[in-house]
Amino acid sequence: MELKGKRIIVTGSARGMGEATLLNYVRAGAHVIGMDVSDDDGCAVVEEANKAGPGKAEYMHVDIAEKDSVESTFAEAVKLMGGLDVLAHPAAIQRSSDAGDVSVEDWDLMFAVNVRGTMLTNQVAARYMKESGGGSIINFGSISGQRPEPSAAAYSAAKGAVHSWTRTAAGTWGKDNIRVNAILPAMATPMYREAMALADEAALEASYWMNRRTIALGEEYGDPDKDLGPVMVFFASDASGFITGQLIPVDGGQTSVR
Ligand SMILES: NC(=O)c1ccc[n+]([C@@H]2O[C@H](COP(=O)([O-])OP(=O)(O)OC[C@H]3O[C@@H](n4cnc5c(N)ncnc54)[C@H](O)[C@@H]3O)[C@@H](O)[C@H]2O)c1
């Protein structure tokens, strides 16, 4: 599962699972461009990665919801790396909302970043991967797109759309040797900690029974570096060359149906 020679874009690389993914890829020898809207953190992650090596990383600003931003930033990254083999795409936002009163603004924001952002990054990446003879796209879905999610109606609908898109993109680009899968994670990241910090006592209790109690491997969310990083390396590597169109839970057993 060595990634030496692989040219990789990681979105959402400033923190959480994007950060852990970028660090693991550089440790496995890849050339990685991290992208995010959060520039100071994004640069700090790249600095840490380069100190450790043996691969290397650079940082670029992108807003995944905006077509021009994705087109121009990916073009610059591909020029710098001399091609593209892998897109890891964890960038997303999470907001609470109730099905009864979710606003049009929240709905549109969620779909702009989480769904349109997936479509745009995947489309542009696939174009460059075709020129490279194939590649691997790793999207991020959620258990929220698999089951009822009363506290996050728009997020849940958007993740369901990411799952459908992932299957369709895999079916479309398989002939070009481009694989498209989605990771469904449960990891202790800033996104998870922020959601928990906003929850009142009743919501924390509900979250325990719905989210943590169902994690077979010890009722705790995973560590992004240790529990997710190696899986991301596997999906970027040729070792996963015959897997496509799949929703892959990396969640200690939280999602036990698909
Ligand atoms: N944390 C979990 O347990 C969990 C569970 C299920 C699904 N997920 C999904 O996993 C993925 C990673 O989650 P995380 O917990 O690491 O999130 P996070 O919030 O910690 O990190 C997300 C990153 O995406 C970036 N980002 C947001 N909007 C952007 C935009 N428009 N353009 C570019 N970058 C943008 C943020 O700045 C941030 O650095 C997400 O798709 C999330 O929905 C997470």
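Helices here are DSSP runs of H or I with at least four residues, strands are runs of E with at least two, and both are numbered from the N terminus. Asn177 is not a glycine, yet its phi is positive, near 65 degrees. It has 15 C-beta neighbours inside 10 Å, so Asn177 counts as partly exposed. On this scale, a residue is buried if 20 or more other C-beta atoms lie within 10 Å of its own, exposed if 12 or fewer, and partly exposed in between, with C-beta atoms placed from the backbone.

Before we go on, a word about the model. It is predicted, so local features need pLDDT of at least 70 and side-chain atom pairs count only at pLDDT 80 or more, while totals for chains, interfaces and linings use all residues. Residue numbers begin from 1 along each chain as its sequence is written.

Glu219 also has a positive phi, about 65 degrees, although it is not a glycine. You will find Glu219 in the loop between helix H7 (201-212) and helix H8 (224-236). With 13 other C-beta atoms within 10 Å, Glu219 is partly exposed. The peptide bond from Gly53 to Pro54 is cis, with omega near 0 degrees.

Now look at the ligand. It is surrounded by 31 residues, and the closest are Gly12, Gly16, Ala92, Thr189 and Met191. Helix H1 (16-27), helix H4 (104-132) and helix H6 (190-198) are the elements that give two or more residues to the shell. By type, the shell contains 19 nonpolar, 9 polar and 3 charged residues. Here Ala, Val, Leu, Ile, Met, Phe, Trp, Tyr, Cys and Pro count as nonpolar, Asp, Glu, Lys and Arg as charged, and the others, Gly among them, as polar.

Next, let us see how helices pack. The axes of H1 and H2 come within 9 Å and cross at roughly 20 degrees. Axes are lines fitted to C-alpha atoms, for helices over the stretch in contact, and angles run from 0 to 180 degrees between N-to-C directions. H1 and H2 are therefore roughly parallel to each other. Angles under 35 degrees count as roughly parallel, over 145 as roughly antiparallel, 65 to 115 as roughly perpendicular and the rest as oblique. The crossing of H1 and H2 is right-handed; a crossing has this hand if the near helix is turned clockwise from the far one by less than a right angle, and is left-handed if anticlockwise. From H1, Glu19, Leu22, Leu23, Val26 and Arg27 meet Val45, Glu48, Ala49 and Ala52 of H2. This contact is made by 6 nonpolar, no polar and 3 charged residues. Two residues are in contact if their C-beta atoms, placed from the backbone, lie within 7 Å.

Which way does H4 run beside H5? Their axes are 9 Å apart and the helices pack at an angle of about 15 degrees. That makes H4 roughly parallel to H5. H4 passes H5 in a right-handed crossing. Among the residues that meet are Trp107, Met110 and Phe111 in H4, and Tyr155, Trp165 and Trp173 in H5. The contact divides into 14 nonpolar, 3 polar and 2 charged residues.

Helix H3 (residues 67-81) packs on H4 too, at an angle of about 35 degrees with axes 10 Å apart. This crossing of H3 and H4 is right-handed. Lys67, Val70, Glu71, Phe74 and Val78 in H3 meet Leu120, Thr121, Val124, Ala125 and Tyr128 in H4.

Is Ala125 buried or exposed? With 28 C-beta neighbours inside 10 Å, Ala125 counts as buried. Leaving aside residues up to four places away in sequence, Ala125 touches Ile9, Phe74, Leu84, Leu87 and Ile137.

Finally, compare sequence with space. Lys226 in helix H8 is exposed, with 11 C-beta neighbours inside 10 Å. Lys226 and Asn24 are 202 residues apart in sequence, and their C-alpha atoms are 9.1 Å apart in space. Arg167, in helix H5, is 78 residues from Gly245 in sequence, with 4.5 Å between their C-alpha atoms.

Methods:
A residue is near a molecule or strand if its C-beta atom, placed from the backbone, lies within 6 Å of it.
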